[in-house]
Amino acid sequence: MALTIGVDVGGTKIAAGVVDETGEILARTRVPTPADPQWAVDAIANAVRELREQYREVTAVGVGAPGFVDRDRSTVIFAPNIAWENEPLRTRIEELTGLDTVVENDANSAAWAEFRFGAAAEHSDMVLITVGTGIGGGIVLDGRLHRGRFGVAGEIGHLNMVPDGLLCGCGGRGCWEQYASGRALRRYGREKAAADPVAGKRMLELNDGVAETIRGIHITEAAEDGDPLALDCYEEVADWLGRGMADLAALFDPGVFVLGGGVSDSGRLLLDPVAKAFEKYLTGGVHRPRAEVVLASMGSAAGIVGAGDLARTR
């Protein structure tokens, strides 16, 4: 059975694993992401060499990198969290490890894992939406990862939802992730608790009475306890997610939307209102077939597994 190594590069950690053809991770390693962008390349290569010492039969490497990756799956055009700009990552890793390498956007890698082995395994067309601090995503159409003409398709968190809206880290205003992400959930909780401390009593209790620093975990716990104001926060995030998903359905007509990322760990607390909002905003209403809306199933393994599997397709 052909083995590959998948690497999931994050802003704070680099996780790597040996992946077989069934999507199983046979061995793992993890190191902090160095602050220096060139040291980060060395850290990736060291993780690959460490794993290859255990599995000499490894044939290729897949690297899931944050940011824009070119169409040739070779160069990281821009990765702000690691300060890579036009970084020839594939060439560097091949030189350092002697293994054929494929570089892919990290969200695309996760989407591929869910498509091949996870929640979308029975579908040919899917959209992954990762709901964390921001919103990321990956799109598979007719069984193929949709990368676009320049390789940078799938940046769905930066769909413009509100003209001249909230300032986004990308420099634009009104991006989807400003209204439907973990960051947005925290903002809603803080604003609502400050405006109505009586109704926000449970969220405030969980944060020693301070509205300004309420975190997502406080909102989630309060919502699970049935707190109406915390549930309103989830409803607001879900409503914005449903709006964006309806737009994506009009464009791509997927069979399933897969919700991943840290906010999705809340399970049905998010899933149920999102599915309801998606149905509400879907163009064509009752006359249009509806995509399923499900939770991701691969968890933190998705980036490693997807990158490793994509390494077989060079």
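## Terms and basis

In the residue classes used here, Ala, Val, Leu, Ile, Met, Phe, Trp, Tyr, Cys and Pro count as nonpolar, Asp, Glu, Lys and Arg as charged, and the others, Gly among them, as polar. The model is predicted: local features need pLDDT of at least 70, side-chain atom pairs count only at pLDDT 80 or more, and totals for chains, interfaces and linings use all residues. Residues are numbered from 1 along each chain as its sequence is written, and side-chain values use heavy atoms, with hydrogens and water left out.

## Cavity

A cavity is a set of points, on a 1 Å grid over the protein atoms alone, where a 1.4 Å probe fits but cannot get out. One cavity of 30 Å³ or more is counted. The largest cavity has a volume of about 30 Å³, a volume being the space filled by probe spheres set on the points.

Lining residues have an atom within 4 Å of a point; among them are Phe-68, Asn-105, Val-152 and Glu-155. By class, the lining has four nonpolar, four polar and one charged residues.

## Nonpolar patch

Phe-68, Ile-77, Phe-78, Phe-150 and Val-152 make a nonpolar surface patch of about 430 Å². Ile-77 belongs to strand β6, residues 76-79.

## Positive phi

Asp-142, not a glycine, has a positive phi of about 50 degrees. Asp-142 is in the loop between β10 (135-141) and β11 (144-145). For Asp-164, also not a glycine, phi is positive and near 60 degrees. Asp-164 sits in the loop between β11 and α4 (182-195).

Key. Patches are made of residues with over 30% relative accessible area and no salt bridge: like charges are joined within 9 Å, nonpolar side chains (Val, Leu, Ile, Met, Phe, Trp, Tyr) within 5 Å. Accessible areas come from the Shrake-Rupley method with a 1.4 Å probe; for residues, only the protein chains shown count as cover. A salt bridge is a side-chain nitrogen of Lys or Arg within 4 Å of a carboxyl oxygen of Asp or Glu. Helices (H or I, at least four residues) and strands (E, at least two) are DSSP runs, numbered from the N terminus. On a 1 Å grid over the protein atoms alone, a cavity is a set of points where a 1.4 Å probe fits but cannot get out, and a pocket is an open set with protein on both sides within 12 Å along at least five of seven lines; lining residues have an atom within 4 Å of a point.
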